[in-house]
Amino acid sequence: MKTPHILLTALAWLSFLLPAQARLNVVATTSDFAALAKAIGGDQVEISTLAQPTEDPHFVDAKPSLILKLNRAQVLLEGGAELEAGWLAPLLQGARNPRLAAGAPGRIRCNEGVAMLEIPAQLDRSEGDIHASGNPHYLTDPANAQIVASHLAEVFCQLDPKSAANYRANLKTFADHLAARMAAWQKLLAPFQGCHVAAYHNSWPYFARRFGLHIQLFLEPKPGLPPTPAHLAGIIARMKAEQARVIFVEPYLNRRTADSVARSTGAKVIEVAYLPGGIKGTENDYVKLIDQVVNSLARALAETRNQAGQTE
Amino acid sequence: MIASALGLGATALPAQETNQSSQIQQLQQQIRQLQATIEQTEQQHRQQLEALRKQVEALQPPPPPAAPVALPATPEPAAPGGPAPGGPAPTGSAPAAAPPAAGEKKGWSPADPIQIGGGRAYMNLGLVGTFAAGGSTAHGIEGGTQLGGHDPNQNGFTVQGIEANFAGAVDPYFRGNANVVYEIDSRGESFLELEEAWLETVSLPANLQVRAGQFLTDFGRINTQHPHSWTFVDSPLASGRFLGPDGLRNPGARLSWLAPLPFYSELFLAVQNSQGETANSFRNDNGGEPMFGRPLSQDTGNSLNGLLLAPRYAASFDLSDTQTLLAGVSAAFGPNGSGTDTDTQIYGADLFWKWKPARHHGGFPFVSWQTEAMLRRYQAGATAAGSYTPGASGVYLPGETLADWGLYSQIAWGFRKDWVAALRGDYVLPVDKAAYEWILGDDPSRLPRWRFSPNLTWYLSEFSKLRLQYNYDDRQQLGIDHSVWLQFEFSLGAHAAHKF
């Protein structure tokens with residue numbers, strides 16, 4: 001009589017430990033992929049993110065709790081451009097999850113099909129911490145978000161065919177929304193074609209290309225290296241020459257350096273993030289994120305242009 | 001495309017009196033960009049083709065319901081409002097998405113070798129060179145004040161280790177890793193050490209993982225860390241005294257199991273050989289020198305009882321979004337070389353806590369605290385040949401159990417980007433004075449000892465660092481010593497990604 005009880009208890013425990021995988025369990029390395037996965041997956045997928053949106057995604061601690069997330073995941077969304085090189089490998093080794101093995105259907109490199117910029121002709125670390133696969137911040141171009149979203153829809157349809165119709169519908173909704181916003185963003189930034197903008201870190205080449213801006217002045221002398229006084233002096237001179245009146249700073253970077261450069265050049269510092277949730281109000285929403293970047297940039301460019309016009 | 005990019009280059013230059021050098025610089029940059037663009041284009045074509053092929057594949061064998069909200073067929077051109085909608089066309093050096101060229105790629109099969117490292121090589125290669133310069137007031141540095149085999153070992157310069165790491169996926173079933181260390185000792189002799197060389201399963205069921213080969217035993221935290229990931233120039237005293245100068249490592253196999261619990265919880269069990277200098281408290285002949293007054297032999301125990309058994313349990317909790325705790329208990333059991341049926345047990349507890357704010361840059365600022373405590377019980381065999389001090393040979397030593405404690409605690413504070421200040425306290429002591437010590441005199445390898453080590457580290461980049469450390473060393477009966485070490489290190493090749 002006792003055995004069935006024990007069996008039942010054991011089964012109850014097992015069912016608690018191994019929750020029925022009704023929803024597709026998706027883990028994204030960063031919140032931009034997570035936001036797109038949410039837009040496409042809706043309620044059919046359960047999404048968690050490894051890097052916090054506010055932290056520097058180049059340097060995430062390989063916390064054991066992240067191993068657990070990967071251990072249970074059915075799908076891993078990674079950038080594919082070595083942004084996570086410093087921390088993803090040990091997590092995956094600990095996770096021992098064959099569904100996420102290199103080449104497995106659940107291991108998704110989001111940059112597939114994306115035209116990568118700044119692929120170095122040769123690998124040389126005297127150039128700073130460059131990435132062999134090109135600049136990893138490709139989702140700052142909304143057109144690339146469309147490519148990734150289509151890719152995700154395809155992946156979700158394959159891995160979870162019963163909800164395929166939902167994924168397709170979500171993709172359509174997202175694409176339409178993005179297209180509408182894209183037109184608005186381009187209109188908003190149209191008056192500033194060819195403007196120069198400075199940035200602390202080289203995170204914005206895709207954004208610049210899309211909206212016809214020049215973002216080639218960086219407070220970091222080389223990617224990942226801290227600004228030096230000599231370099232900043234050069235940047236200040238070039239910002240004046242090229243009339244760069246806005247400085248992009250990600251919220252986790254040193255705002256004081258940017259502020260002092262701004263004081264010397266009359267430029268305006270704006271906080272922008274390339275990860276949804278990096279700035280308050282943009283959590284889990286890719287479109288809101290780009291909205292925030294475009295709106296604050298357009299506002300800052302207009303403001304500084306007026307000021308410059310008045311002083312002339 | 002090239003022409004348009006050049007045209008852009010021309011307009012981008014303010015035609016005013018910008019000095020020539022900056023013009024040249026800009027032109028050079030344009031050239032570099034163009035080179036990159038050309039190389040990219042080829043890759044794009046391949047990638048786009050691949051993406052298209054996949055989409056075709058996905059659409060062809062009718063994937064469930066036909067509700068064809070058709071995935072946008074072509075990635076780039078389908079981009080909403082891409083370059084198309086009347087609005088301003090991007091004037092950046094935009095390479096307009098070109099139609100795909102030729103070049104077919106087949107899907108992955110389990111028989112294919114797996115590529116890692118950006119898929120450019122089958123193996124990741126890394127080299128870390130660690131050096132120290134400095135000096136100490138102590139007479140014996142190597143094995144005296146400095147117990148670690150990779151510690152600074154003399155006044156002047158020390159090559160702490162040139163460590164080559166080879167790592168990669170072997171096939172769909174195993175991952176391989178090897179660490180080979182090149183060293184120069186204080187007498188100028190060079191030698192090679194096979195620190196680790198193992199393969200590990202990647203797809204066992206039930207959350208199991210097996211590692212086999214030569215590896216560092218999972219005992220506490222510091223034992224599995226390679227010198228370049230230490231927070232200090234040298235290894236803690238407890239680890240030097242109990243686990244040995246080179247740490248506890250030997251050929252063997254390890255099974256680990258990640259428990260299906262809501263928090264990280266992992267069990268390890270390693271079985272390894274118990275002889276040799278890398279099993280210091282076990283069947284180690286101590287280079288022919290007696291230990292604890294007894295002559296040692298590596299030859300005892302040729303049955304399975306002669307193996308080293310090392311279980312470990314580790315658990316981790318995220319106390320908040322910014323704080324993480326990792327705690328573990330470890331043990332190592334095995335025969336030792338002081339008698340025919342004598343065993344050693346080492347027990348350890350370790351704790352690691354780290355705080356890193358939600359908005360850190362490059363991993364800074366942070367505060368971390370790491371502590372390990374160890375207890376060693378060493379059954380020393382009875383002997384008639386105690387020869388610990390000259391003239392003492394022939395003394396009969398009874399069988400006895402020697403118990404020793406060891407503890408270190410270290411706190412590290414990354415107070416600004418690339419700068420870390422750290423402080424470590426070390427304490428080792430015997431539980432009580434042993435019988436052989438009453439006969440032969442106090443044994444310096446068991447006497448109580450304190451050490452305090454403040455240091456400052458500057459990471460010039462992710463790949464090089466400078467570290468200055470001071471050691472205040474108080475050894476009972478030997479007195480107080482001061483040491484100052486400057487460590488410098490470089491790293492080449494693959495990113496050294498570290499465990500938490």
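In chain A, helix α8 meets helix α9 through A:Leu232, A:Ile236, A:Met239 and A:Lys240 on the α8 side. On the α9 side the partners are A:Thr257, A:Val261, A:Ser264 and A:Thr265. Contact means heavy atoms within 4.5 Å. Helices (H or I, at least four residues) and strands (E, at least two) are DSSP runs, numbered from the N terminus.

This is a predicted model, where local features need pLDDT of at least 70, side-chain atom pairs count only at pLDDT 80 or more, and totals for chains, interfaces and linings use all residues. Residues are numbered from 1 along each chain as its sequence is written, chains are lettered from A and ligands numbered from 1 in the order in which they are written, and side-chain values use heavy atoms, with hydrogens and water left out.

**Helix pairs in chain A**

- Two packed helices are described by the angle between their axes and the distance between the axes.
- Axes are lines fitted to C-alpha atoms, for helices over the stretch in contact, and angles run from 0 to 180 degrees between N-to-C directions.
- The axes of α8 (residues 229-241) and α9 (residues 255-265) of chain A come within 10 Å and cross at roughly 45°.
- α8(A) is therefore oblique to α9(A). Angles under 35 degrees count as roughly parallel, over 145 as roughly antiparallel, 65 to 115 as roughly perpendicular and the rest as oblique.
- The crossing of α8(A) past α9(A) is right-handed. A crossing is right-handed if the near helix is turned clockwise from the far one by less than a right angle, and left-handed if anticlockwise.
- Helices α2 (residues 31-41) and α5 (residues 142-159) of chain A have axes that come within 9 Å and cross at roughly 55°. That angle makes α2(A) oblique to α5(A).
- α2(A) also passes α5(A) in a right-handed crossing.
- From α2(A), the residues in this contact are A:Phe33, A:Leu36, A:Ala37, A:Ile40 and A:Gly41. They meet A:Ala145, A:Val148, A:Ala149, A:Leu152, A:Ala153 and A:Phe156 in α5(A).

**Sheet β6-β5-β7-β8 of chain A**

- Four strands form an open sheet in the order β6-β5-β7-β8 of chain A, with parallel pairing. Two strands pair if DSSP finds at least two bridges between them.
- The edges are β6 (214-218) and β8 (268-271) of chain A; each has a single partner strand, so one side of each lacks a neighbour in the sheet.
- Neighbouring strands of this sheet are turned by 35° against each other on average, direction ignored.
- Strand β7 (residues 246-249) of chain A runs parallel to β8(A), joined by four bridges. A:Val246 has A:Lys268 in β8(A) as its bridge partner.
- α8(A) packs on the sheet and touches β5 (196-199), β6 and β7 of chain A. Its direction makes about 150° with that of β6(A).
- α9(A) lies across β7 and β8 of chain A, at about 155° to β8(A).

**Sheet β2-β1-β3-β4 of chain A**

- Another open sheet of four strands has the order β2-β1-β3-β4 (chain A), again with parallel pairing.
- Its edge strands are β2 (45-49) and β4 (107-109) of chain A, each pairing on one side only.
- Three bridges link β1 (residues 24-28) and β3 (residues 75-78) of chain A in the parallel sense. A:Val27 has A:Leu76 in β3(A) as its bridge partner.
- Helix α3 (residues 64-72) of chain A packs on this sheet and touches β1, β2 and β3 of chain A. The direction of α3(A) makes about 140° with that of β1(A).

**Chain A totals**

- Chain A has 10 helices and eight strands.
- Of its 312 residues, 59% count as buried. Buried means under 20% relative accessible area, exposed over 50%, partly exposed in between (1.4 Å probe, protein chains only).
- Among chain A contacts between residues at least 6 apart in sequence, 65% join residues at least 24 apart.

**Chain B**

- Strands β1 (residues 124-136) and β2 (residues 156-169) of chain B run antiparallel, joined by 11 bridges. B:Ala132 has B:Thr158 in β2(B) as its bridge partner.
- Eight bridges join β2(B) to the antiparallel strand β3 (residues 174-184) of chain B. β2(B) and β3(B) form a hairpin with four residues between them.
- B:Val271 is in strand β7 (residues 264-272) of chain B. At 31% relative accessibility, B:Val271 counts as partly exposed.
- B:Val271 lies 20 residues from B:Pro251 in sequence and 8.6 Å away in space, C-alpha to C-alpha.
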